[in-house]
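Subject: The structure I promised you

Hello,

Here is the structure I said I would pass on. Please have a look at it first, and then read my notes below.

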Amino acid sequence: MNLLKQTNMTDYVASLWQEINDSDDVPEEFLKKREEVLQRLSLFTEETKQIDELLNDESVVSNLRSDKVANLKFLEQQHGVTIQMVDMLYDYGRFQYSCGSYANAAHLLDQFRILSTDNDKASSASWGKLAADILTTNWEIVMEEVNKVKESIDTKLFNNPLAQLEHRTWLIHWTLFPFFNYEPARDTITEMLFSPSFINTIQTNCPWILRYLAAAVITNRSRTRNTGAYQKQLKDLVRVVRQEGYEYNDPVTEFIKALYVDFDFEEAQKKLGEAEEVLKGDFFLSATADAFVEAARHLISESYCKIHQRIDIKDLSARLGLNHDEGEKWIVNLIRDTRMDGKLDYKEGTVLMNHPANSVYQQVIERTKGSFFRTSVLSAAVAK
């Protein structure tokens with residue numbers, strides 16, 4: 001209630017006061033503020049009525065161009081619109097946001113952004129619209145706004161690296177809402193966060209985001225495990241977790257380190273149990289906790305099977321936190337799903353993995369492919 005008292009959500013604050021104080025009466029101060037808010041709302045509606053009608057008129061909108069200065073001149077000459085009227089849209093949008101009318105706020109701020117030549121205010125309006133869209137949970141529109149804000153950071157702040165760092169940090173945190181609430185956004189945001197500019201921002205300003213990036217990559221395993229993009233993401237994640245271990249760690253990143261840096265399966269199993277508890281208590285990740293554990297067990301199993309030829313089912317089951325029967329069923333499904341070359345020996349309680357050795361000649365060919373390509377590129381660059 002103390003937080004919302006500073007807003008114009010008077011009815012909601014009054015209901016909270018009644019609940020906290022177990023009273024049917026409402027203090028005079030809330031009633032007085034409510035009247036003031038209604039008066040300002042009426043005033044804003046009247047003052048923005050003309051420009052709002054114009055921007056909803058298809059015949060007027062069809063004459064607008066990408067040049068904001070020309071648009072303002074056209075509206076001023078043809079319809080008497082002034083810069084003050086445009087600025088009123090911004091103030092009205094902020095007022096609606098403070099009232100909790102997020103859909104109306106998004107609409108007004110978008111209209112202002114179309115016409116305003118004030119870059120600072122237009123940028124602020126973009127952030128306001130993004131916030132309003134997040135609060136209305138309109139995730140498709142949110143992703144459009146994320147791209148617009150990202151583009152604005154890249155283009156309008158290109159000569160101010162410190163401001164870019166700050167704005168990217170904000171954007172990273174705000175994208176956590178669609179990241180874990182809108183499935184189609186998962187791949188897009190993961191790709192964005194792994195881009196050089198954003199991964200540098202995470203390493204420099206907010207290494208705790210690695211928890212969310214790691215959770216996203218691991219839970220994406222079931223959909224994209226066989227693609228080159230997923231393998232690259234996993235490789236990049238391991239590299240960043242290793243680099244930032246001195247700066248930040250939690251059970252999720254420590255699980256990655258134990259499995260892919262130290263190859264310590266006992267520690268990985270221990271950290272997986274801790275990570276499950278952490279995820280269940282995390283605002284953004286609580287809904288993905290089960291999917292994370294399932295995918296993480298697959299990663300442990302795959303890594304374990306790749307480096308062992310004879311696997312004791314009882315031992316692997318213990319490492320996965322499963323009983324013998326569950327572990328046996330798990331391994332059968334794993335071999336079938338991943339098409340590993342393995343044979344289950346029920347009598348001995350083991351799995352025999354067939355790891356065909358690569359030809360020495362093939363290994364040399366694979367290793368020199370990259371070197372040959374880099375040499376060709378270097379030679380071409382020197383020739384220029």
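What percentage of the residues in the protein chain are buried? Of the 384 residues, 43% are buried. Please keep in mind as you read that this is a predicted model.

**The chain as a whole**

The protein chain has 21 helices and three strands. If you take the contacts between residues at least 6 apart in sequence, 58% of them join residues at least 24 apart. Some of the places below show such links between parts of the chain.

**Aromatic pairs**

A search of the whole structure turned up 13 aromatic pairs. One of them is made by W127 and W174: their ring centres are 5.0 Å apart and their planes meet at 85°, so this pair is edge-to-face, given that planes over 60 degrees apart count that way. W127 sits in helix α7 (residues 119-135) and W174 in helix α9 (residues 161-174), so the pair connects distant parts of the chain, 47 residues apart. W127 has a relative accessible area of 10% and is therefore buried, the limit for that being under 20%. W174, with 29% relative accessibility, counts as partly exposed.

Another pair to look up is F177 with F283. The ring centres here are 6.4 Å apart and the planes are at 70°, so this pair is edge-to-face too. F177 belongs to helix α10 (residues 176-179), while F283 is in the loop between α17 (265-280) and α18 (289-307), so the pair ties together parts 106 residues apart in sequence.

You will find W208 in the loop between α12 (196-205) and α13 (210-219). W208 counts as partly exposed because its relative accessibility is 40%, which falls between the 20% and 50% limits. Which residues does W208 touch, once its neighbours within four places in sequence are left aside? They are H173 and Y248. With H173, the side chain of W208 makes a polar contact of 3.0 Å. Y248 is 40 residues away from W208 along the chain, and the C-alpha atoms of the two are separated by 6.4 Å.

**A pocket**

The second largest pocket has a volume of about 290 Å³. Its lining includes K68, R113, I114, A122, S123 and S126, and also K148, V149, E151, S152, T155 and K156. Which helix gives the largest share of this lining? That is α8, with six residues. Helices α6 (102-115), α7 and α8 (139-156) each supply at least two of the lining residues.

Apart from its neighbours within four places in sequence, A132 is in contact with Y97, Y102 and A106. Its C-alpha atom is 8.8 Å from that of N104, a residue 28 places away along the chain.

N8 is in the segment before α1 (10-21). At 15% relative accessibility, N8 counts as buried. With neighbours within four places in sequence left out, N8 is in contact with K33, V37, F95, S98 and C99.

H298 is part of helix α18. A relative accessible area of 12% makes H298 buried. A polar atom of the H298 side chain lies 3.1 Å from the backbone oxygen of E294.

Best wishes

Note on methods:
Residues numbered from 1 in each chain as written. Predicted model: local features only at pLDDT ≥ 70, side-chain atom pairs only at ≥ 80, totals over all residues. Heavy atoms only, no water. Helix = DSSP H or I, 4+ residues; strand = E, 2+ residues; numbered from the N terminus. Buried < 20%, exposed > 50% of the residue type's maximum accessible area, 1.4 Å probe, protein only. Contact = heavy atoms within 4.5 Å. Polar contact = N/O pair within 3.5 Å; in protein donor to acceptor, adjacent residues only side chain to side chain. Phe/Tyr/Trp six-rings, centres within 6.5 Å; stacked < 30°, edge-to-face > 60°. 1 Å grid on protein atoms, 1.4 Å probe; cavity = no way out; pocket = protein on both sides within 12 Å on 5 of 7 lines; lining within 4 Å. Points joined across faces, edges and corners; volume = space filled by probe spheres on them.
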